[in-house]
Amino acid sequence: MRTEIEKLFQETIRQIQSVKTSSDLQALYFSVLGRKGKFAQLLSRLPNLPPGERAGLGTLANQTRNKLQQAFDQAKLKFKPQAADSADFDPTWPGILPEVGHTHPISAFIESAIKFFSGLGYEVAEGPEVEYSRYNFDLLNIPPNHPSRDLWDTYYLKNSGPQMLLRTQTSPVQIRYMEKHRPPVFIIAPGRTYRHEATDAGHETTFTQIEALAIDKNLKLTDLLGTLSAFFQHFFGNVKIRFRPHYYPFVEPGLDLDMACLLCHGKGCPVCKYSGWLEMLGAGMVHPKVLKNMKVAPNRYSGFAFGIGVERLVMLLYGITDIRLFLAGDLRFLEQFT
Amino acid sequence: MRLPLDWLKEFVPVRLNPAKLAEALTVSGSEVEKIETQAEVTGIVVGEVLAAVKHPNADRLKVCEVRLVNDQAPRQIVCGAPNVAAGQKVCVALPGTVLANGLELKKANIRGVESDGMICARDELGLGADHSGIIVLPAEAEVGEPAAKWLPKPKIVLELDITPNRGDCLSIRGMAREVAAITGTALKIQKFRLSEAPERNNLKVKIQNLKDCPQYVARVVTGIKVGDSPEHIQARLLACGVRPINAVVDATNYVMLELGQPMHAFDAEKVKTILVRRAKANEKIKTLDGQNRNLQVSDIVITDGKKSLAIAGIMGGAETEVSRNTQKIILESARFDPVKIRLTANRLGLRSEASNRFEKGLDPALALEAADRVCELITAWCGGKILKGRSIAGQKRLPKPKPIVLELAYVNRMLGVKVSIKAAKQKLEALQCQVLISGQRFKVTPPSFRLDLLAPIDLVEEIGRLMNYNTFPLSLPAIPQKLKIVPVNLSVSSFTRKRLLAAGFTEVATYSFYSQKTASDFDLADQTHLSVANPLNPDQALLRRSIMPQLLEIAGRAGITRDSVKIFEIGKVFWPSEQNRKLPDEPIMLGLVCVQKQPEPYLVIKGVLEDLLASFNFRDVRIHQSTQTSARLVIANEPIGIIGRVGEKYAKLVKLKKPATFAEIDLSQLALAQRTPKRIKSLPVYPAVTRDLAFALPKSVPHAELVRVIRQIDPLILSVRGFDRYKLPNGLLSAALKITFQSPGKTLTNEEVQRIVDKIAEEMQKNFGAELRS
């Protein structure tokens, strides 16, 4: 028995050395060390041997099997490199892409904007898209029949009772939120807004704003400027921005923020109407009349507000030159986003 | 508003170049949208008319010999101008030249005579509207040199976006004030001359209601001869976008552009008195544009005491229109109620340069000055005399502006920058405010033209904007820490979006509107919709009640080129409230569409929903079959959505060629549903065993029923889930189930499992007549 084990060992080692292919090696392995291989057959006779002969044979068998296993493992390595240059492997072949969907760029941006403002300590608020004229205009210091209403082309609804409209801005959320909360208040309110105007590459009837409202003691214009700068730095890096005084009845001082046009790098193109600048948002210190409408005392509190035009920002982030693509439902466009 | 720089310079010295000036205006609040440089007249040369003889085949045309280069043969040019004559120096455009109207001049044959160029009139060079004759240059002009040298210089015009609060900026002088304030220069003071005749002006004016018309000033000019206004005036009007008409109308427009006061001139032959009153109900007037207008009691009209002569502030009447035969005019310079003007102008669709200025409010000091100025211009251009004295009704003296008390500390607190007393005073004075200092506070009296300066915050803005916000330091507010609550709608939408993306669905966004036709096509028309009162096109008629129609349309389009379309949208829909006085309900809906042959779209979407609902861990969620091809999603007995195969009708509408399934879930309601806290199961000690069993069923049995029956058979059955289902050739239905067995106490043997499988086969036979197929 002992010699048979020896013999099998020697013979197998010799065969391992002469094996030419990986599959031959595999076959050899199974014929020797497999469940019904020669080694197993040999050992199956072990229980039938007289006890004297059996002594030490178990240990020997184990050692031998381990050595053979090592020899096989060693030999296998010999065939490894062969696998790399075999014809069935091309490392440059395209990978199998996972089947995942694509986020709409507007909702993706809103989510990242929420993250940014949450980091600063803002909460998220919501408001209706169908609004009373009172919330969209009157309470924001835009009286009926005032020329400043021309700043917003408006979709009105057919309804009985107080005039309803599609909100032209997210600012009514300010009023609604302040009906239930007291300062200090730091909120953002993303959502859809509507303008009654003909569409073209730069204008849509339906678009998205992110409103922000901050009311506390001692808030000042430089806080507004700093917050806006931080936002733009976060999303665009060191892009050039410009503050330009502007009139919105619900803020004073009021201003617009322009960003250097990223599509033409300030040289002038149809998107920026050859000015090199693109108007990104309106902002300002909350008007004392609006604070009063919110039942906040203007002598104790001050605040700032702004409304970010999301489509514009996303257009600049990705070099999109037609705003209408966002609602066109063209998957060739949407599938370019992650 | 268009601001020609040459005109501006009459009121203020401008040392900045146009680009720098535009930048300075923009960062101080008068946004320059465009710097327009009018094209220089190019390619036009001076020619000398050697001969002009009648065209052989046309009475009004002349055939001219025009010399363009000394000592060279003259060119033959056909010209229709009545004033062309031999010996004139003229402007000649040669073939190939692009004219002001954008057309390229070509060699032409005019009624049988070759014409090798054109002798130009003003309009052809973009220098005015005049086409009554050709431009005749001074005799010194040299043949062959560029004509531009002898023509008015091209204008540089700034196009400004003036905000509605700054009506005072809607004039050349108004903008000059801004330029003076921001560049720290002094305005050139313009004193306008007035030379009145000794004869008195006896015109009576009356105002019915001083709220409608706080002041009405009229002057009378007689003995005029109305021709064209001077060329440089016409050029200025054109540069401002105003069409020259005749000298009188041009004078009123010119002064309106210059000083900001809109005015109107009436042919005064028959008018003895002026009464400003409200229109009577259904009163009619034929306006200058020849249209008959129906008036309302809210409209203000100018009358002769009986009938209307003009719609105040908006448009004159045809009857008193100033024409070339007019000899006597009444010149009106007045103020009207801005709201009334706005309402009337909007209703009649007659918004004009004038109504635009009236509705923003006018400087109460302006009417008198402007009336004098315009009469002086009219007599300068048309002759005649200005009768002595003005007819004035309403305000006789300037209303006294109210001073505003401004604390310096307030300025600093609002702006966040330190402004010195001196600097603040200097800024306010640059804007022509009167400033009195007492300690740390100012008493500020704004000038009469700044109707927008009423409260301290208005002055804070003025000081701030003149300091240029771009030079301010930046700060971030210290935001108090507190527990932040994320609106549940938002977190549910956000989670749902992530889950669907992972499932291979792409997010789309569609409009909140759809058309009446879409509503009826998709069987939504019998449900109440909110209607848009002023849709721009039929697609904006209704606010959507459902996301389905537009999502299916997208799927239809995408399905043309794709084997598989998987899309979703998360967006609001609008459900009108019972009484439509109240705002509608605006639930956030999740819409899903899957279009493909295999795997079955219904099962794909149902699987996605099962996964989504399972991840929320709702307490009691069920999907009930509701029709042959659809099912209802129910949480705690509340229906929250539907899922169904897209039927033939809708598929045809949106041109879907492959099987499709749609689902719409109310996420707002989902967000409110009760959830159980997630608890993980302890890991099993002994392995589970699975068997796939296929049964041939004589008729369809709901999956839930199969599961119920099988699970009752033995506690060792851990789970039952169908995975394949199809019709067999013999008409029976094959349903394949994956059944998992597991014991908490031991590893199950083959025999133990087989015993249960046999029992299952038996029970399936007994309950449903089903045969085990494998």
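1. Some ground rules to begin with: two strands pair here if DSSP finds at least two bridges between them. Strands (E, at least two residues) and helices (H or I, at least four) are DSSP runs, numbered from the N terminus. This is a predicted model, where local features need pLDDT of at least 70 and side-chain atom pairs count only at pLDDT 80 or more, while totals for chains, interfaces and linings use all residues. Residues are numbered from 1 along each chain as its sequence is written, and chains are lettered from A and ligands numbered from 1 in the order in which they are written.

2. On to the chain B sheet. Leu633(B) has Gly641(B) in β36(B) as its bridge partner. That belongs to an antiparallel pairing in which six bridges link β35 (630-635) and β36 (638-645) of chain B.

3. Zooming out, chain B has an open, mixed sheet of seven strands, in the order β28-β32-β33-β37-β36-β35-β34. Its edges are β28 (506-507) and β34 (621-625) of chain B, each pairing on one side only.

4. Now the interface: 71 residues of chain A are in contact with 74 of chain B (C-beta atoms, placed from the backbone, within 7 Å). On the chain A side, helix α9 (221-236) gives the most, with eight residues.

5. Strands cross over between the chains too. β3 (157-158) of chain A and β30 (531-532) of chain B run antiparallel, joined by two bridges. Leu157(A) has Val532(B) as its bridge partner in β30(B).

Note on methods
Contact = placed C-beta atoms within 7 Å.
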